[in-house]
Structures are given as C-alpha cells and as structure tokens.
Amino acid sequence: MTVIEKGRIRAASSRAWVDTIPLDTIIQQDCIAAMRALPAKSIDCIFADPPYNLQLGGDLNRPDGSHVDAVTDEWDKFDSLSAYDRFTREWLTEARRILKDDGTIWVIGSYHNIFKVGSAIQDLDFWILNDIIWRKANPMPNFKGTRFTNAHETLIWASTGEKAKYTFNYRSMKTLNDELQMRSDWEFPICGGQERLKKGGTKVHPTQKPEALLYRILLASTKKGDVVLDPFFGTGTTGAVAKRLGRRWIGIEREGQYVAAAQERIDAALPLDESALTTMQAPKAAPRVAFGQLVENGYLAPGTVLTDSKRKHRATVGADGSLKCGDISGSIHKVGATLQNAPSCNGWTYWQYEAADGLKPIDAIRQTYLLATQP
C-alpha cells in the first residue's frame, strides 16, 4: 500500500468514530478486496472507470498500416460475459455497502459494458439519476469503415435510493454553463497533449480520462471535504482533480506502473485556494461558449485575477466559472454590468487577463479554446 496520509472519518450510520481509513491514499490491491476492508457508509461519492471488456480480436491498424494503441491489457480480459457479470456485481455490491445514504456513484463505460453495468446497478437497488453522454470532440475514427465511429461514452449517475438526499450543486453547474441548465450531453476532447501521461513515448494508460470530465463530475456532486473513492484508479485523474477541488480521495489500483504514475501526478497537483473554491449561488445569463468551459478545461485557472481595460476593477475567477469582486459575485457578464451600473455587459470583452504583452480580453482565450476543440 502506498500511503500519503492517514485520516479518520465518521460513518453515516453512527456517531462513533470508525476505524482509521486511508484518506488521500493509493491502495495497491484488487478493488473488491480493498473495498471489503473499508467501513460501511464511509464514502460520499464513487467514480468508477471499470474494465470495459472490449474483447478486441487481434491488432488494430490504420489504413496506412500503422498500429493503433488500443486496450489489449490483461486487466481488460474476462473468460466470458458471465464472468464479467459476476465481477461487475461483486464490486458494485461493495460500492453500495460503503456508500453513505446520501452518497452517489458514477460509472463510465462504452457499449461493450455499460448496459450490463446499468442492469447490475438497478438490480442492487441504486436509483439512476441520469445517464450522461460524453461526446468526444476528437474521437478515434473507425479505420475499417464497417460501422459508425464510436464518438461517445456513457456515464451512469445513481443515488442509493429514490428518496435519497444526494448532493447536486445545481447553481454551480448552471454558472459553469453560463446560466444555461447543464444538459446530459457533455462535449470534451479525449485526453491528449501535456495532460496525457507518457513514458518512453508510449501512453502510460490506454484509457486515461480528461481532467475536465472529472472536474465537472466532482464539482456537480460533491462538497469540499467529501471523500471520493475511485476503485479503478489508473493514473490518478480522480485524485488529482479531487486534490485541486479540496475533496478527500481514496484510490484503489492493482497495477504497480499505474500506482507510480498516479502518485507522481497527484504530488504535483496544486490545490485551489479558498477564494477560488467558493462557488456561485445566484442566477445569471449566457453566450454560446460557456466561460466555465475554459476553467474546467484548464485554459484559465481558478484564482486568476481579471481586470477591466483601465485596471479599475479586479475580480477573481472561481472554480465554477463565477467571478468575485469584493461583495459582488456572479457570471462574467453580471459582475461587469453591476460594476458599471449598467443593464448588461459583454463579459468576454470587458474582462481582461494579463498576457506576456499586456492586457487581453478573455475572448482571446475563448477563441483559442474554439480552435483547439472544433473538429
């Protein structure tokens, strides 16, 4: 077991302190055995990215003959569909036991496994809140031309029961989306660039998820200080994002090379300061590209100070894409309008950031984001 810190948490079912459990720790062990060792009702949120059981036959090559780096690892191989069913029900049974009554679980998968996962979730009396479609802005093409390009994955979000009082930060989600209700179809690029972990020019993990995806999930369904468990930790995306957002985390991962990469990554992750973690709680108004998308995709860091062109006002960017200037908080448009005592404001042109060559409107960052994410 790799231990960063040991902590203690209170079980939801009792006022007594439960046994010490490993907070902010990677447990190198089989996920089912590791979860069995955790106290009942001790976890606020679970994010699970289990093996997809892709059942790929042979190598996959591009039309030019080059090899596609697909999922061919032993951890994704099961003897039969019934063996995968048993595995799925076993780990979900433990997940339900350790989840608090007001906790929720997220499971991501592809068409290979998500329907089996969904069936098991319902059989175990979880209550499905949403199925979220992650639409990939830059999916891998279907090289053989034999079927539609697989351009999305599905997330199931479920509570412990129909009447469970779970966390959903509705206003933060609306703020993140520039005052439009957040929909159940999310668009993010697949993990790439500097975020993609590589060793010797090869991907460390074939299915590393983008941090922006976990950022939205944790911001939506957890509170500061909540304990988030990832039973298929991989290279530690959940832990890195949880650390940034002020959540506690536990990762379970049996593969040593992933544990080492995750540990190094999380050690380097910088938590957000208190002002950036204070999320918005009031309504606002919206353009086509949400300011919050720039924040969750890392184009503008929470805690960044923006100013107007005359440097009269200074506002701090929050984790959910809100701005705070003194006692005024809201969207980029609402805060700008309030400061000018005007009925409206185009926040994209009003607010400026400090670039190497002077002040520039945040719209310049929006245009960079559009160029990077549009197909």
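How many nonpolar, polar and charged residues are in the lining of the largest cavity? The lining has 1 nonpolar, 4 polar and 4 charged residues; here Ala, Val, Leu, Ile, Met, Phe, Trp, Tyr, Cys and Pro count as nonpolar, Asp, Glu, Lys and Arg as charged, and the others, Gly among them, as polar.

The model is predicted: local features need pLDDT of at least 70 and side-chain atom pairs count only at pLDDT 80 or more, while totals for chains, interfaces and linings use all residues. Residues are numbered from 1 along each chain as its sequence is written, and side-chain values use heavy atoms, with hydrogens and water left out.

**View 1. The largest cavity and its lining.** The largest cavity holds about 60 Å³ of space, and the count is 2 cavities of 30 Å³ or more. A cavity is a set of points, on a 1 Å grid over the protein atoms alone, where a 1.4 Å probe fits but cannot get out; lining residues have an atom within 4 Å of a point. The volume is the space filled by probe spheres set on the points, which are joined across faces, edges and corners. The lining consists of D44, D102, G103, T104, Y166, T167, S221, K223 and D226. Strand β3 (residues 99-109) gives the most to this lining, with 3 residues; strands (E, at least two residues) and helices (H or I, at least four) are DSSP runs, numbered from the N terminus.

**View 2. The nonpolar surface patch of Y166, F168 and Y170.** These residues make a patch of about 270 Å². Patch residues have over 30% relative accessible area and no salt bridge, with nonpolar side chains (Val, Leu, Ile, Met, Phe, Trp, Tyr) joined within 5 Å; areas come from the Shrake-Rupley method with a 1.4 Å probe, and only the protein chains shown count as cover. Y166 is in the loop between β5 (152-159) and α4 (170-176). Its relative accessible area is 34%, so Y166 is partly exposed (buried is under 20%, exposed over 50%, partly exposed in between).

**View 3. The salt bridge between E211 and R265.** The closest N and O atoms are 3.0 Å apart; a salt bridge is a side-chain nitrogen of Lys or Arg within 4 Å of a carboxyl oxygen of Asp or Glu. E211 lies in helix α5 (residues 211-221) and R265 in helix α7 (residues 256-268), so the pair ties together parts 54 residues apart in sequence. E211 is buried at 18% relative accessible area, and R265 is buried at 10%.

**View 4. The salt bridge between D363 and R366.** The closest N and O atoms lie 2.6 Å apart, and both residues are buried.

Notes:
Patch = residues over 30% accessible without salt bridge, like charges linked within 9 Å, V, L, I, M, F, W, Y side chains within 5 Å. Buried < 20%, exposed > 50% of the residue type's maximum accessible area, 1.4 Å probe, protein only. 1 Å grid on protein atoms, 1.4 Å probe; cavity = no way out; pocket = protein on both sides within 12 Å on 5 of 7 lines; lining within 4 Å.
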